[in-house]
Amino acid sequence: MAIQFQCPGCRQPIEVDDVWAEKLVACPYCRQTVTAPAQTTLDASESITAARPMAPVRGYSPEGAPQPWPTPVATRGNLVALVGFGLSMAATLLLMIAKLVSSPHTAEAQRFYVPGKSIMQAQREMLDFYGGNIPSWLVAAGLLWLFSLGIWLAALICSLIGLRGPHRRAWAAAGLILWGVYPLLFCLPF
């Protein structure tokens, strides 16, 4: 037997199965959450639309029974923490690629950058040595380092925000750990 009642929000007539008596349901018209009464409060002459239950009742799942509303996206996971971990991983990989690009030229670069010499003086000497053109390996390595540094800073922000999220904080913690490994890799010679 069905329970028929009027929605307190939009005043439309709605109907639920009697197993939903005194339980939360959503009005099909205004989507307001209302508690279904224990018994019918309307006469049977009106055309009535069925309401959708808010939560399943244990042991009741007949074919065609209304299903509960889907879980909101915000409670399913912590996307910001996952993005923070992914950005930390991307920054680390870009740094490794930059180091691989520049590693064959380490001895060449050390010729110009020696202790006691200013960076501007070393750069002038390097430009003079290459005839005013910057070598392509240096441009590629510099752009990769710069891009990885930007991603590294974005990873810090996302991982810190992800720690405040309700679920899956482990991704944020892993992102921060990987974020801390980045400067160590930056200092490694290879």
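Visitor: How far does α1 reach from its first C-alpha to its last, and what reach is expected at 1.5 Å a residue?
Guide: Helix α1 has 24 residues and spans 35 Å, close to the 34 Å expected, where the expected span of a helix is 1.5 Å times one less than its number of residues. The model is a predicted one, in which local features need pLDDT of at least 70 and side-chain atom pairs count only at pLDDT 80 or more, while totals for chains, interfaces and linings use all residues. Residues are numbered from 1 along each chain as its sequence is written, and side-chain values use heavy atoms, with hydrogens and water left out.

Visitor: What makes α5 a helix, and how does its reach compare with the expected one?
Guide: Helices are DSSP runs of H or I with at least four residues, strands are runs of E with at least two, and both are numbered from the N terminus. Helix α5 (residues 169–187) has 19 residues, and its 29 Å from first to last C-alpha is close to the expected 27 Å.

Visitor: Why is Ser 159 called buried?
Guide: Buried means under 20% relative accessible area, exposed means over 50%, and partly exposed is in between (1.4 Å probe, protein chains only). Ser 159 has 0% relative accessibility, so the residue counts as buried. Ser 159 is found in helix α4 (residues 136–163), and, leaving aside neighbours within four places in sequence, its contacts (heavy atoms within 4.5 Å) are Gly 84, Phe 85, Ser 88, Ala 172, Gly 175 and Leu 176.

Visitor: Which residues of α5 are buried, and what covers them?
Guide: The buried residues in α5 are Ala 172, Gly 175, Leu 178, Tyr 182 and Leu 185, and what covers them includes α1 and α4. In α1 the buried residues include Gly 84, Ser 88 and Leu 95, and their cover includes α2 (106–110), α4 and α5.

Visitor: What makes the pair of Phe 129 and Tyr 130 edge-to-face?
Guide: Rings of Phe, Tyr and Trp (its six-membered ring) pair if their centres lie within 6.5 Å, and planes under 30 degrees apart count as stacked, over 60 as edge-to-face and the rest as tilted. A search of the whole structure finds four aromatic pairs. The ring centres of Phe 129 and Tyr 130 are 5.1 Å apart and the planes stand at 80°, so this pair is edge-to-face. Phe 129 is partly exposed at 46% relative accessible area, and Tyr 130 is partly exposed at 22%. Trp 152, Trp 179 and Tyr 182 form one aromatic cluster.

Visitor: How do you know that the side chains of Glu 125 and Lys 117 meet in a salt bridge?
Guide: A salt bridge is a side-chain nitrogen of Lys or Arg within 4 Å of a carboxyl oxygen of Asp or Glu. For Glu 125 and Lys 117 the N to O distance is 2.6 Å, and the pair therefore meets the definition of a salt bridge. A search of the whole structure finds one salt bridge. Glu 125 is partly exposed, with a relative accessible area of 29%, and Lys 117 counts as partly exposed at 23%.

Visitor: Why is Leu 82 counted as partly exposed rather than buried?
Guide: Leu 82 lies in helix α1, and its relative accessibility is 39%, so the residue counts as partly exposed.
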